[in-house]
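User: I am new to this structure and would like to learn how to read its features step by step. Could we begin with what it takes to call a residue buried?

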Amino acid sequence: MSAEIPYITKPRPDTGLTNGKLGMWLFLASEVMLFGALFSAYVLLRVGAEEGAWPLGSDILNVPIGAVNTIVLITSSVSMVMAWASLKMEQPGRARVYLAVTLALAVLFLVVKVGWEYRPKLHHYTVWLVDGTSMDGHLDGAVDAAADHIMFVPDAEGDEHPEAMQISREQIKRISNFGPSHDNYLGIYWTMTGLHGLHVIGGVIAIAWFLVPGMALFRKDPEMYTNRIEYVGLYWHFVDLVWIFLFPIIYLL
Amino acid sequence: MLAVGYKAWLPLNASQGGGAIDELIVIIHWFMAVLFIGWGAYFVWCLIKFRARPGHVATPELPKAKASKYCEVMVIVIEAILLLGFSIPIWAAMRGEGNGPKPDEALVVRVVAEQFAWNIHYPGRDGLFGRTDVSLVSKENPIGLDRSEPAAKDDLVTINQMHIPVNRDILVYLSSKDVIHNFGLPLLRVKQDIIPGMTIPVWFKATQTSNALRDQMVENYPLTGRAPMLLLKYHVAMEEYEDTDGTVIIAKGKVLTEDLVADLVAAGFETVRAAPRVPAEIACAQLCGLGHYRMRGYLTIDSAEDFEKWMVAEEAWLEDEEEDDEGY
Amino acid sequence: MSIMPDHDHHDHGHDGHHALGFIRTYIFTVDHKVIGIQYGLTSLLFLFFGFLLMLAMRWQLAYPGQPLPILQAIFGDQKVPGGIMAPEFYNQLGAMHGTIMIFLGVVPLGVGAFGNFVVPLQVGAVDMAFPRLNMTSYWVYFIGGVLMISSFFVPEGAAQSGWTSYPPLTQAAPFWGQTMWLTSMVFLITSSLLGSINIIVTVVQLRAPGLTYFRLPFFVWAQLITSFLLLLAFPPLEAAAVLQLMDRVAGTSFFLPSGLVFSGQVQDVAGGGNPLLWQHLFWFLAHPEVYVLILPGMGIVAEIIANNTRKPLWGYKSLVYSAIFLGFMSFVVWAHHMFITGMGQSMSTFFAATTMIISIPSVVILTALLLSLWGGSIRFNTPMLFALGFLPMFAIGGLTGLPLGLPASDIHLHDTYYVIGHFHYVVAPGSLFALFAGIYYWYPKATGRQFNEFLGKLHFWPTLLFMNGIFLPMLFMGMGGVSRRLYDQTEYAHGQAAQNWNVIMSWSAWLMGLTQLIFILNLVLTILAGRKVGANPWHATTLEWSAPSPPPHGNFLEPPKVYRDPYDYDPARKDGFIEQTQPEPS
Amino acid sequence: MEHAGPEEIRKHLRLYMTVFGSLGVLTVVTVAASWLPVSVPLAILIALMIASLKAFLVAAFFMHLVSERAAIYGVLIVTVFFFLVMLIIPLMTHLGQHVLDHVT
């Protein structure tokens with residue numbers, strides 16, 4: 001017998017669902033548990049942290065940029081749902097425009113994230129000194145392991161701009177940039193936003209696919225294409241949804 | 001095949017709380033045995049009675065089986081009893097917050113585990129532990145004790161040698177320098193994970209001295225056959241052995257070495273009465289790396305006066321140490 | 001978006017194999033039956049490999065310090081200097097044995113192989129809901145497996161911190177082995193996720209007309225519940241693996257507290273992490289995992305018992321409800337693995353209580369299966385022997401869980417051989433017996449040929465004997481307080497006292513290894529010269545038996561319709577059964 | 001909503017825009033709220049409440065959960081239950097942990 005797999009485009013009467021839709025929701029359920037575990041880890045680490053060991057997000061991260069990115073992601077969510085709606089209203093041209101907008105916003109999100117958030121942190125350092133104090137600032141020139149000291153430019157306090165200072169290795173307990181190894185707060189920040197970023201990239205790839213080569217499917221079977229845009233939409237809204245929680249928890253609290 | 005006696009049950013118990021645990025384990029196993037034998041009997045009987053054979057057909061209707069309901073209810077009830085009646089009280093006594101002995105009336109000891117050794121830290125006469133700091137850690141000072149502190153002056157630190165007095169509350173503060181270890185005292189029914197970054201208390205009271213335990217562990221070990229030393233290492237002879245012309249090969253209480261065993265065999269002995277030199281051990285019960293299997297500490301349960309003697313000796317040794325240091 | 005590429009399913013020919021080349025038919029196939037068989041063969045290979053690792057360890061355990069040159073010849077001088085294996089290599093074998101048996105062996109066999117091959121047939125579907133996704137999940141699993149095995153060859157060897165991989169021990173362990181372990185775990189988890197989504201959708205969406213939920217064979221229920229466990233319990237471990245990878249490669253310290261000193265070296269990390277966080281995330285997976293290992297087995301046993309007693313299962317609905325309840329509860333018992341990490345009174349009581357509760361549905365299931373024997377006409381063929389063997393073995397496994405589930409008795413038994421004996425009784429003579437039974441039961445369906453009964457029985461009896469020869473002494477040794485994962489237990493007095501059990505256990509293990517050759521021989525001989533069989537050699541009722549053996553691409557000759565319950569055995573009818581597809585005879 | 005015809009969809013558009021607007025407003029509110037001089041627990045509570053509200057809007061309207069099928073609801077309820085278990089129990093265990101402050 002040469003049979004088709006049923007309920008790919010038409011929903012199964014008793015469940016009222018297509019296979020793809022149920023599949024996507026199950027996938028999202030597992031994603032909930034994935035990010036849920038990370039949130040759980042965040043809570044446990046934060047509660048377990050010693051007094052004052054856990055910084056306030058807004059002291060370290062740039063809240064306006066985070067807020068802008070939040071708006072960007074929300075907007076992309078809207079354009080995504082609009083793309084689907086336009087397809088439903090048999091306006092494929094408009095749908096493509098909305099998809100393109102979604103794609104552009106997704107890319108914008110990534111560019112802001114990497115360019116204005118990740119990169120600066122990698123050049124910004126903290127030096128913990130043996131006497132228990134610590135300084136934030138930038139390295140003047142490269143660190144060479146051979147040298148017995150480093151040149152360090154502390155951050156500007158108000159308007160006076162401190163000169164580069166020499167710190168000998170004996171004084172240094174530990175030195176780290178604002179990367180994941182800085183402390184558990186930044187560790188969680190990099191891990192969670194990083195994993196979220198990977199999901200955004202996944203979305204970008206999927207949307208791009210449906211925007212260009214995927215159109216062939218639209219010509220062959222518009223209804224199936226519309227359904228798939230809905231599934232991608234579900235995924236994309238989920239990515240947005242995760243960020244909606246990440247933003248306050250990591251940036252503000 | 002079994003060279004030594006049947007070793008299929010709980011080892012000796014040398015602690016006050018251990019009895020209750022053993023009792024619980026025994027009761028559970030009776031319960032398990034009853035259930036298993038009940039099920040098994042019914043099972044085998046079914047297989048015989050209802051085996052396919054000419055003239056025998058299955059009966060389509062299903063049995064009412066009230067019995068199964070009763071069985072399930074019984075299981076629930078008994079499990080509830082085991083939990084509420086036994087487990088919770090025992091746990092409360094051995095682990096419950098605030099149920100441990102007060103530090104001022106118990107002997108307080110710090111145990112600092114590391115790959116692969118036990119550092120035992122006694123507060124000394126003043127009953128105060130000296131400050132420790134990772135930056136002071138070194139070969140000579142494994143726990144990073146700050147000797148410059150007055151409280152630390154009389155602190156005793158031993159490696160793998162833990163001495164405790166019998167019949168006295170012992171309060172142990174467990175901590176680890178590197179990975180997760182487990183402070184296991186099989187003969188005292190004590191077992192507690194040691195999580196790095198935490199200090200976890202555990203308490204117990206020994207009821208038998210090591211000597212008393214050793215006397216109960218005497219066995220006749222074959223000297224011939226498969227690798228006798230496998231079961232004889234760290235054992236001492238429990239009686240005196242002489243060869244034919246009366247010269248002593250090994251005296252009572254002497255450690256059995258490879259050579260001594262050879263001598264015994266040469267002198268025509270086929271078995272030796274022996275027992276572990278240190279009956280009560282500290283066994284790491286949590287995989288802690290390649291040396292996990294040999295992370296063995298010696299727990300010596302002394303009578304009160306023997307313990308005092310040991311303390312005095314250790315203190316004397318400590319003072320010599322300090323004089324030496326000044327000498328340099 | 002791995003969830004997508006399934007729908008344009010029509011573009012790969014349903015018109016038989018010849019339409020597609022060898023590659024698309026047998027290697028990158030999308031046919032659930034072939035994928036099921038791929039899963040089966042791969043996981044059996046891994047199972048055998050993991051078993052061989054254990055056979056090597058058993059030499060060191062039985063004869064510590066005595067050289068065995070062959071080991072040196074196989075593993076090289078660095079791992080087995082002078083024929084005596086190095087402790088770190090012993091730990092590698094231990095960690096890899098556990099990981100391979102669970103994640104590369106039993107789960108892929110129970111869910112990957114049987115879930116893939118049997119479920120679509122039993123629900124009367126033409127294939128899985130997402131065939132391409134199905135293929136992807138197999139190949140992701142394959143890559144993960146290869147990665148895991150190849151970690152033996154990296155500098156300083158494979159992961160050696162136990163299959164539980166507790167930090168900070170993993171941090172102190174050699175870099176590459178553990179890192180590859182974590183990476184391949186991410187692959188294996190991903191594969192399981194894709195597989196479970198596929199099975200759930202297939203069961204919910206592709207059930208044949210008339211096949212209501214309560215007409216599903218119990219096996220399908222078991223697979224459905226298992227898939228939900230995989231779907232929701234695996235992601236936390238994936239998250240944990242990511243966090244541990246960050247600790248290893250990005251210098252974070254999620255699991256590393258402040259002030260760690262590894263062999264004299266103060267660790268240059270931020271600190272402030274919590275080792276117990278890993279244990280929570282790990283066991284949040286690993287306890288449901290236990291039921292992932294056992295539920296498919298229970299399903300198989302139920303099928304085979306119904307078929308070979310020639311009467312309906314006793315309490316079908318109570319079986320289903322118990323299994324669902326089991327699934328739910330399995331998420332709230334995990335910390336009974338952590339009683340002695342210093343857990344307080346209230347939480348230990350909570351987890352002891354949930355643990356006692358979760359034992360009830362297991363008892364109900366076991367009782368229902370035992371009662372199903374009553375009044376039957378029991379055929380003792382090979383699958384039935386393994387299914388029957390499962391019952392007492394699983395009973396021992398379950399019962400020995402009791403003293404471990406009560407915090408007080410766990411104090412003495414925790415991390416001893418008693419634990420090893422307990423979970424091996426559940427998984428080895430438990431799950432594995434069920435899986436053997438399933439292989440024998442569905443082999444005629446998969447190959448169209450009947451295996452050799454005599455060889456089958458010759459496989460069963462010695463296996464049963466040696467299984468107990470291996471695992472019963474473990475319970476005794478655990479009672480004696482002997483810790484698990486010891487390279488040489490004669491370092492301890494209480495270990496020396498129990499050492500001789502190791503000799504018995506090792507010889508049982510080696511002999512059991514030989515016995516499995518009979519199994520392999522039987523499977524091969526059957527394919528070469530087995531008796532050809534029709535669609536329904538066992539006179540069974542469920543849907544898969546109304547498809548030809550082996551089923552063609554697309555499975556059924558005409559779309560099946562279902563008219564009745566799964567186990568409609570009745571001596572009054574011809575051959576004592578009616579298939580689910582038979583309309584009520586008027 | 002596979003079967004919503006063009007007309008119904010058209011009705012949705014207004015709804016989508018309203019949701020969009022409120023999400024934007026709520027984002028601003030979140031940031032503003034974080035500047036309120038309130039205790040940390042309260043701040044966390046406020047932030048999480050707003051986030052949950054936004055999440056609800058996205059899930060309910062963009063992901064059409066307001067008019068979804070029983071099967072989907074079932075899956076999500078189970079998931080949320082286990083999610084809460086995973087979030088709460090480790091924390092309780094951690095707080096109940098039988099540990100001393102560092103002995104010096």
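Analyst: A residue is buried if 20 or more other C-beta atoms, placed from the backbone, lie within 10 Å of its own, exposed if 12 or fewer do, and partly exposed in between. By that count, 28% of the 104 residues of chain D are buried. This is a predicted model, in which local features need pLDDT of at least 70 and side-chain atom pairs count only at pLDDT 80 or more, while totals for chains, interfaces and linings use all residues. Residues are numbered from 1 along each chain as its sequence is written, and chains are lettered from A and ligands numbered from 1 in the order in which they are written.

User: How many helices and strands does chain D have?

Analyst: Helices (H or I, at least four residues) and strands (E, at least two) are DSSP runs, numbered from the N terminus. Chain D has 3 helices and 0 strands.

User: Which residues have the most contacts inside the largest nonpolar core?

Analyst: A nonpolar core is a set of buried Ala, Val, Leu, Ile, Met, Phe, Trp, Tyr and Cys residues joined through C-beta atoms within 7 Å. The largest one has 358 residues, and those with the most contacts inside it include A:Leu26 and C:Val301. Leaving aside residues up to four places away in sequence, A:Leu26 touches C:Ile197, C:Ile200, C:Val201, C:Leu231 and D:Val75.

User: What is the order of the strands in the open sheet of chain B?

Analyst: Strands of a sheet pair through backbone hydrogen bonds, either parallel or antiparallel; two strands count as paired if DSSP finds at least two bridges between them. In chain B the order of the 5 strands is β4-β15-β14-β6-β7, with mixed pairing. The edge strands, each pairing on one side only, are β4 (161–165) and β7 (190–194).

User: Is strand β6(B) mostly covered or uncovered, and which strands pair with it?

Analyst: Strand β6 (residues 181–185) of chain B is mostly covered, with 5 of its 5 residues buried. It pairs in the antiparallel sense with β7(B) over 5 bridges, where B:His181 stands opposite B:Ile194, and β6(B) also pairs in the antiparallel sense with β14(B) over 2 bridges, where the bridge partner of B:Phe183 is B:Cys284.

Notes: Contact = placed C-beta atoms within 7 Å.
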